[in-house]
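Subject: Structure for your files, with notes

Hello,

Please find the structure below, followed by notes on what turned up in it. The terms are given with their cut-offs as they come up.

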Amino acid sequence: GASPTITGNTVSFSGNYFIQSDLSSVPHINLGNNSATGGTINAVEVWGGTISLDSFWPNHGVPYIISDDITVDGQTTWTLAPGTVLKFIPVKALYINGSLRAKGTNNQHIIFTSTQGTPAAGDWKGIYLGSSSVGDTLEYCEVKYAGHSNYYFGANRYAGIFCYNSSPKISNSIITYNNKHGIYTTQMGNPSITPYNAIINNTEYGVYNEDQNLIVDADRKSVV
């Protein structure tokens, strides 16, 4: 991908985003102190596709606008810097077949949310962790306004985070305002939901476990 350094610029009246990028270029963009005026949106629009090489996305202080589905390939690790904000346009999704490393901090949460000016539950589809995903970590993250219907492995699913035979570690995170379920597990998906999460204000269940023979420990985790 391209490796531009863009600093000290003002973009005006473009009617679009400050910068647009394919997936392979995102880790190499160096953004300095820029500004956007006259209808230009101060954000990085990222076209969807497949991440097939280990990748680190920096925090530029402006959101990434995800304009199509993103898939992380098997045996590929995708790492997000603390404070990174990803905004998904309606009905798009994030599919993890490799590894998602989203480790924010107490002061710099990593946010997965909607692009809508007045967001609502079900704006975008959510984070889908497939059976080949391993080592997934969401720490000091926020997952909001997801849960749009998504036909995935033979059925319509609705969740902020969907675990299909996957076991992510979720800690110190806020999972809220999602359509139907905050976290949905099936096919022996068994997330490690450590204390100090806030899984609240989702339209049905905080954690929905489809497997009758598996107990998902969601006790004392602020699940409402």
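Buried here means under 20% relative accessible area, exposed means over 50%, and partly exposed is in between, with a 1.4 Å probe and protein chains only. This is a predicted model, in which local features need pLDDT of at least 70 and side-chain atom pairs count only at pLDDT 80 or more, while totals for chains, interfaces and linings use all residues. Residues are numbered from 1 along each chain as its sequence is written, and side-chain values use heavy atoms, with hydrogens and water left out.

Overall make-up

The chain has 27 strands and 0 helices; both are DSSP runs numbered from the N terminus, helices being H or I of at least four residues and strands E of at least two. Of the 224 residues in the chain, 49% are buried. Taking contacts (heavy atoms within 4.5 Å) between residues at least 6 apart in sequence, 59% join residues at least 24 apart.

Strand pairing

Strands of a sheet pair through backbone hydrogen bonds, either parallel or antiparallel. Two strands are counted as paired if DSSP finds at least two bridges between them. An open sheet of 6 strands has the order β8-β11-β14-β17-β22-β25, with parallel pairing. Its edge strands are β8 (55–57) and β25 (192–193), each of which pairs on one side only. At the β25 end, β22 (residues 169–171) pairs with β25 in the parallel sense over 2 bridges, and Ile 170 has Ile 193 as its bridge partner in β25.

Elsewhere, β3 (residues 17–21) and β6 (residues 41–46) run parallel and are joined by 4 bridges. Ile 19 has Val 44 as its bridge partner in β6. Strand β6 is also joined to β9 (residues 64–66) by 3 bridges, again in parallel, with Val 46 partnered by Ile 66 in β9.

Cores

In soluble globular proteins, nonpolar side chains tend to be buried together. A nonpolar core is taken as a set of buried Ala, Val, Leu, Ile, Met, Phe, Trp, Tyr and Cys residues joined through side-chain atoms within 4.5 Å. The largest such core has 44 residues, and Trp 57, Trp 78, Phe 112 and Ile 127 have the most contacts inside it. A second, separate core of 8 residues includes Ala 93, Tyr 95, Tyr 128 and Tyr 164.

Aromatic rings

There are 15 aromatic pairs in the structure. Rings of Phe, Tyr and Trp (its six-membered ring) pair if their centres lie within 6.5 Å; planes under 30 degrees apart are stacked, over 60 edge-to-face, and the rest tilted. Tyr 145 and Tyr 177 make a stacked pair, 5.6 Å centre to centre with 10° between the planes. Tyr 145 is in the loop between β18 (141–144) and β19 (150–152), and Tyr 177 is in the loop between β23 (174–176) and β24 (181–186), so the pair ties together parts that are 32 residues apart in sequence. Tyr 145 counts as buried at 17% relative accessibility, while Tyr 177 counts as partly exposed at 38%.

Ring pairs also link a cluster made of Tyr 95, Tyr 128, Tyr 152, Phe 153, Phe 162, Tyr 164, Tyr 184, Tyr 205 and Tyr 208. Separately, the charged end of Lys 180 sits over the ring of Tyr 158, 4.2 Å from its centre; this requires NZ of Lys or CZ of Arg within 6 Å of the ring centre and within 35 degrees of the ring normal.

Individual residues

Thr 113 lies in strand β15 (residues 110–114) and, at 8% relative accessibility, counts as buried. Leaving out residues up to four places away in sequence, Thr 113 touches Leu 86, Lys 87, Phe 88, Trp 124, Lys 144 and Tyr 145.

Pro 27 is in the loop between β3 and β4 (30–31) and is partly exposed, with a relative accessible area of 26%.

Most residues other than glycine have a negative phi. Phe 153, in the loop between β19 and β20 (155–157), has a positive phi of about 50°. Asn 172, in the loop between β22 and β23, also has a positive phi, near 50°.

A search of the whole structure finds 0 disulfides, a disulfide being a pair of cysteine sulfur atoms within 2.5 Å. Cys 141 is buried at 1% relative accessibility, and Cys 163 is buried at 0%.

Regards
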